[in-house]
Amino acid sequence: PAVDPKTMFKILTYAYSQNIYSSRKIEKSCRRDINFMWLLAGQKVPDHSTIARFRTEFLADACEDLFYQMVRRLMDMDELSKETVFIDGTKLEACANKYTFVWKKAVGKWEEKMFTKMEEAVQMLNNEYIQSFSMSKENRTSDLQKIVDYLKEYCQEHDIVFVHGRGKRKSIHQRYFELFENFLNRQFLYDLHNSRFGSRNSYSKTDVDATFMHMKDDHMRNAQLKPGYNVQIGVDSEYIVAADIFSDRNDVWTLVPFLQGMEERLGFRYPSVTTDSGYESEEGYEFLKKNHQIPYIKPQTYEKWKKRSFKQDISKRENMRYNASLDIYTCHAGRKIKPMYIKVQKSKSGYRSEVTVYECEDCTGCPYKEKCTRSKGNKKLYVSKKFIADRQESYENIMSETGILYRMNRSIQVEGAFGVLKNDYEFQRFLLRGKTKVKLEFLLLCMGYNINKLHAKIQGERTRTYLFEIKTA
C-alpha cells in the first residue's frame, strides 16, 4: 500500500479528533499541518480517494474492534470506574435527501388498492381464456408471475404481434399481458419497500437504512421529519465506552440490545445502569433484574409527581386509596374499583406483559364523574402491577444519596459528551451512507473524543477521577 494501514488509522483518528471529516480536507492537512506530517513519518501523502477508500472498504470491518481495544486500554490504565454506565441517545441527520421518503402506510394503502384491481382483472382473464387462476394476498407475487408466464406462452404459440405507437390498435392479448406485467412490476416494487421497512414506518431512498425522525434542530419550527439515525452512547468516567447506531425513533427499544452488545464487546457487566426517563419500560426493568443490575432510571411521571395539579387530580391512580390485601382501589367518591380481568400485551420486541383491568362498581350519579373519567360507562384503570413495582424500586434508587450523585453525573457526562460532539466538534450530519459506514464514522469520532478527553485529564492532573462531587453550599 502507498501508506501503512496503521499510519492511515492514526491519521483518520487524529483528523476526527480535530473536527476534520472530509477526505479532501484530511489530504490537505497531511500536506500542510505539521502534526499530520509527524504522523506520516516521511511516508508519501495519501490522496483523498485513498483515504476515502481505506475508510469505507478496509476500516469498516475492524473499526468496532479497534474502538473497544481503546476502551479496554483505558480500563487497564484504571481510567474507568466500572461502577455505573450513563446511557443517552440523540438523533443525527443522515447523508440523504429529505424528500426521498417512503412511508409504510402509503405503500400498504396502494398495495391494497392494487390487489382489488388484480382480483377483478383475474376474473375477466379467467372468463376470456377459460382458466382458473386465483389471487391470494400471501402469494400474490407468485400468482402474478404464473399469469404473466401463461400469457407470454399463449402469445408466442399464437404468433400474436405486439404493436406500439400512435395509430396502432393493440390486441386484447397484448392488453392483458401488459396489464398483468405492470401489476407484477409494481408488486416487485412493493415487496422491495416492505423488505426494507422491517420494524420501521419509513425509510429514505437515498440511504435505505435511514429513518425519518424529528430532529432537535428544527429551524423552521414546523416539526419537519428528516432522515436520520438514533445514536446511543454509554459513558463511564467521562469516556465513551460503548456506541451503537439504531433505526428506532424511540429510545425505549434501544436499551436492551445496547446493553447486550456492550457486555459482549467489553467482556464485563456494569453493576448498575443510569438513564433518563426515555428508557423506562417493563421489558427494560425485567432485563436489568435478570442480569442483577441496579436500575437508576428516572420514571416518566417523575416531573408530574411534583406538580400540585397532579396531586389534586382525582382521576389518577396514584391519588386513590389502595387496599393491597383485597386488591381494590377506592375513588374520590368512596366507590370501589375492583379487578375485572387480566389482559396480556405484546410489545414490539415480543415481550409479553400482564395488565390488570379495574372497573368501578357504579359511576351512575357520581358528582365527580366529569373530573374522574371521560368514558360514558364506569371508570376503568389499566394497571401493570409488575411495572409499578419496578418503577417504585427505581424511584427509590434515584432518590438515594448514590442515585442523586449518579443523576447529576449523567447530565454532566453523557449529555456533556453529546454537547461536545455536536457543538464543539460541529458533527451535525453524517457524511457516509448505510448503517455500517455510519457506525464506522461515529466510532472514529468517539475515538477522537476519548483521545482528547484523556489528554485534557492528563493536562489538568485529573486522571483516575470518575465522578463529579455534589457541591454543598
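The protein chain holds 16 helices and 13 strands. Both are DSSP runs, numbered from the N terminus: a helix is H or I with at least four residues, a strand is E with at least two. The model is predicted, so local features need pLDDT of at least 70 and side-chain atom pairs count only at pLDDT 80 or more, while totals for chains, interfaces and linings use all residues. Residue numbers run from 1 along each chain as its sequence is written, and side-chain values use heavy atoms, without hydrogens or water.

## Overall dimensions

The radius of gyration is 30 Å for the protein chain, whereas a compact globule of 473 residues would be near 23 Å. That radius is taken over C-alpha atoms, and the globule rule is 2.2 Å times the number of residues to the power 0.38. Along the principal axes, the C-alpha atoms fill a box of roughly 95 × 90 × 40 Å.

Of the 473 residues, 45% are buried. Buried means under 20% relative accessible area, exposed means over 50%, and partly exposed lies in between (1.4 Å probe, protein chains only). The accessible surface of the chain comes to about 26300 Å². Carbon and sulfur atoms own 49% of that surface. Areas follow the Shrake-Rupley method with a 1.4 Å probe; for residues, only the protein chains shown count as cover.

Side-chain charges number 79 positive and 63 negative. Lys and Arg count as positive, Asp and Glu as negative; His and the chain ends are not counted. The centres of the two sets lie 5 Å apart. Each charge is placed at NZ of Lys, CZ of Arg, CG of Asp or CD of Glu.

## Cysteines

How many disulfides does the whole structure have? The search finds zero. A disulfide here is a pair of cysteine sulfur atoms within 2.5 Å. Cysteine 372 is in no disulfide, and its nearest cysteine sulfur, on cysteine 331, is 5.9 Å away. For cysteine 446, also in no disulfide, the nearest is that of cysteine 63, at 9.3 Å. Cysteine 372 is buried at 13% relative accessible area. Cysteine 446 is buried too, at 0%.

## Helix contacts

Cysteine 155 lies in helix H7. Its relative accessibility is 6%, which counts as buried. Histidine 173 belongs to helix H8 and is buried as well, with a relative accessible area of 18%. Not counting residues up to four places away in sequence, cysteine 155 touches Ile160, Phe162 and His173.

Methionine 70 sits in helix H5, residues 63–76. Is methionine 70 buried or partly exposed? Methionine 70 is partly exposed, at 21% relative accessible area. Beyond its neighbours within four places in sequence, methionine 70 is in contact with Met447, Asn450 and Ile451. Methionine 70 and asparagine 450 are 380 residues apart in sequence, yet 8.7 Å apart in space, C-alpha to C-alpha.

Glutamate 27 is in helix H2, residues 23–32. Which residues does glutamate 27 touch, leaving out those up to four places away in sequence? They are Val45, Pro46, Asp47, His48 and Ile51. Glutamate 27 counts as buried, at 14% relative accessibility.

## Positive phi outside glycine

Aspartate 159 has a positive phi of about 50° although it is not a glycine. Its place is the loop between helix H7 (140–157) and helix H8 (172–197). Aspartate 159 is exposed, with a relative accessible area of 64%.

Glutamate 461 also has a positive phi, near 55°, and is a residue other than glycine. Glutamate 461 lies in the segment after helix H16 (435–459). Its relative accessible area is 74%, which makes it exposed.

## Accessibility summary

| Residue | Relative accessible area | Class |
|---|---|---|
| Glutamate 27 | 14% | buried |
| Methionine 70 | 21% | partly exposed |
| Cysteine 155 | 6% | buried |
| Aspartate 159 | 64% | exposed |
| Histidine 173 | 18% | buried |
| Cysteine 372 | 13% | buried |
| Cysteine 446 | 0% | buried |
| Glutamate 461 | 74% | exposed |

Definitions and conventions: Contact means heavy atoms within 4.5 Å.
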